[in-house]
Amino acid sequence: MARTMCRMVGRTKSWIEGLLAPFLLLCLLSLSLPLQAQRVRVDRSALEAEDVRLLSATGVRRLPRTTQVAQLRPGEYLFARIGDTATLRAAATATLRWDLPIKLVGADGTGERISLKPVVEVEGGGLRVLAATGAFTGRILIGIEDEDHPNESRPLGRTIRVLVTANADSTAPGSVSIDHTNLPFAPVRIVALQPADSVDVRLRPDFDPAGIQLSVPVIRPDLSLRASPERIQGLGLETATLSIRANGIVIVDSIAVTLSSDRSRPEPVIVWLGTSGVATALIRSSGIGTATVRAEAAAMQPASITIAFAFPLAFLVSAFLGGLIGGIIRYVTLKMQHVEKILFMPLLVHVVLGVLAGFVTAVAYAVGINLLNVHPSATIGEALVFVIAALGAIASGTLVSRILPAKG
């Protein structure tokens with residue numbers, strides 16, 4: 001009986017093993033097929049270089065020249081140096097960008113073929129002095145871009161580490177790790193207390209011991225000064241707007257800028273640059289000729305500009321014509337009210353006094369005294385001067401009537 005039971009158990013075990021063996025074989029095949037499917041064929045000619053290397057999980061090795069096609073798993077890449085120096089490219093405003101002379105072609109973390117290039121961007125175009133500390137500070141951004149899909153972020157399937165060194169006082173962090181394509185880039189902050197015109201930065205990827213060197217510019221702080229307009233009417237009849245800007249400095253609080261001129265006087269004499277780095281002032285003409293305006297601030301290069309104070313011929317002609325027309329209008333209006341004929345001498349007196357009144361009214365308006373209590377939308381121009389002078393002449397009729405006799 002026992003022997004019979006043993007035979008039955010043995011047969012059952014053999015039957016189960018016979019069923020399990022094909023099942024296990026199918027499982028192994030099903031697992032191996034996706035792995036085989038994930039391999040990416042990469043032709044070494046895609047890198048356009050003689051010296052091509054393979055970056056894999058086991059390290060870096062040179063690809064034999066006889067090997068034209070490599071079968072790469074996810075996270076494996078062929079790479080090559082395609083030059084000795086980085087290429088400076090145009091980027092966003094106030095940003096420098098370099099394409100590093102390295103190209104990688106392989107399989108990303110999902111097993112898809114991908115073509116990569118390392119890039120470096122410099123915020124603000126270089127190192128700028130920080131007003132609070134006096135140190136030149138800047139950031140470089142290190143990334144790996146997908147040439148075919150620049151707007152997507154994909155896993156690399158591995159982590160690429162880049163050592164960053166510079167002839168500066170501080171580089172933080174000293175290395176970055178990148179495991180994805182495109183944004184976000186890895187930032188590195190560089191601080192230099194007394195740099196030269198540029199700071200040398202060396203980038204050394206873990207797969208390329210030779211490394212690549214970049215020269216990050218140092219932007220010295222200075223002031224820029226602009227006048228609008230650069231030519232105004234002289235004799236105090238017009239003003240120009242002064243625009244002051246700080247360049248190459250990061251303003252945390254505010255900076256005092258002193259304005260001066262060899263002719264006339266800016267208002268105000270001291271302006272404060274806030275975090276925007278911009279301020280404005282006014283300067284009124286004085287006499288006829290040119291004025292040199294100068295802007296100065298501590299630890300910054302000064303700036304200067306020349307403004308022309310022109311003879312106010314247009315103003316004088318406009319005021320004269322306005323006063324003339326206004327005087328005539330006033331006299332004719334008075335005569336029509338009294339139904340009297342127009343006489344030459346009274347008309348002449350009205351016109352002369354109208355011209356004088358028009359000049360006074362127009363000049364007063366130009367220097368900020370509004371005798372007429374009018375508020376036109378225009379602020380400058382010959383038409384405005386003409387109208388103000390004409391209105392001043394018309395309004396002066398009461399005084400003229402008191403001076404002249406009632407009749408002829």
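Two strands are counted as paired if DSSP finds at least two bridges between them. Strands E2 and E3 of this predicted model are joined by a hairpin through 2 residues. The chain has 408 residues, of which 38% are buried, and its secondary structure comprises 5 helices and 27 strands. Among contacts between residues at least 6 apart in sequence, 61% join residues at least 24 apart.

**Strand pairing around E2**

- Strand E2 covers residues 53-56 and strand E3 covers residues 59-62; the two run antiparallel and are joined by 4 bridges.
- Within this pair, Leu54 has Arg61 of E3 as its bridge partner.
- E2 is also joined to strand E5 (residues 77-81), by 3 bridges and again in the antiparallel sense.
- Here the bridge partner of Leu55 is Tyr77 in E5.

- Strands of a sheet pair through backbone hydrogen bonds, in either a parallel or an antiparallel manner.
- The antiparallel pairing of E18 with E20 extends over 7 bridges.
- Leu225 has Ile244, in E20, as its bridge partner.

**Helix H4**

- The buried residues of H4 are Leu384, Val385, Ile388, Ala389, Ala390, Gly392 and Ala393.
- H4 also supplies the largest share of the lining of the largest pocket, with 4 residues.

**The largest pocket**

- The volume of the largest pocket is about 480 Å³.
- Its lining consists of 22 residues, and Leu237, Glu238, Ala366, Thr379 and Ile380 are those that lie nearest the centre.
- At least two lining residues come from each of strand E20 (239-247), helix H2 (313-338), helix H3 (344-366) and H4.
- Classed by type, the lining of this pocket contains 12 nonpolar, 7 polar and 3 charged residues.

**The largest cavity**

- The count of cavities of 30 Å³ or more is 1.
- The largest cavity holds about 80 Å³ of space.
- Two or more residues of its lining are given by each of strand E11 (136-146), strand E12 (155-166) and strand E16 (198-205).
- E11 contributes the most to this lining, with 3 residues.
- The residues that line the largest cavity are Leu100, Pro118, Ile142, Gly143, Ile144, Ile160, Val162, Ile178, Leu203, Pro205 and Phe207.
- These lining residues divide into 10 nonpolar and 1 polar, with no charged residue.

**Backbone features in the loops**

- Most residues other than glycine have a negative phi, and most peptide bonds are trans.
- The peptide bond that joins Ala172 and Pro173 is cis, with omega about -5°.
- Pro173 is located in the loop between strand E13 (170-172) and strand E14 (175-180).
- A cis peptide bond also leads from Glu267 to Pro268, with omega near -5°.
- Pro268 is part of the loop between strand E23 (266-267) and strand E24 (270-273).
- Glu48, a residue other than glycine, has a positive phi near 50°.
- Glu48 belongs to the loop between strand E1 (40-43) and E2.
- The relative accessibility of Glu48 is 70%, and Glu48 therefore counts as exposed, since the cut-off for that class is over 50%.
- Ser264, likewise a residue other than glycine, has a positive phi near 70°.
- Ser264 is placed in the loop between strand E22 (255-261) and E23.
- With a relative accessible area of 26%, Ser264 is partly exposed, because that value lies between the limits of 20% and 50%.

How values were computed: Residues numbered from 1 in each chain as written. Predicted model: local features only at pLDDT ≥ 70, side-chain atom pairs only at ≥ 80, totals over all residues. Heavy atoms only, no water. Buried < 20%, exposed > 50% of the residue type's maximum accessible area, 1.4 Å probe, protein only. 1 Å grid on protein atoms, 1.4 Å probe; cavity = no way out; pocket = protein on both sides within 12 Å on 5 of 7 lines; lining within 4 Å. Points joined across faces, edges and corners; volume = space filled by probe spheres on them. Nonpolar A, V, L, I, M, F, W, Y, C, P; charged D, E, K, R; others polar. Contact = heavy atoms within 4.5 Å.
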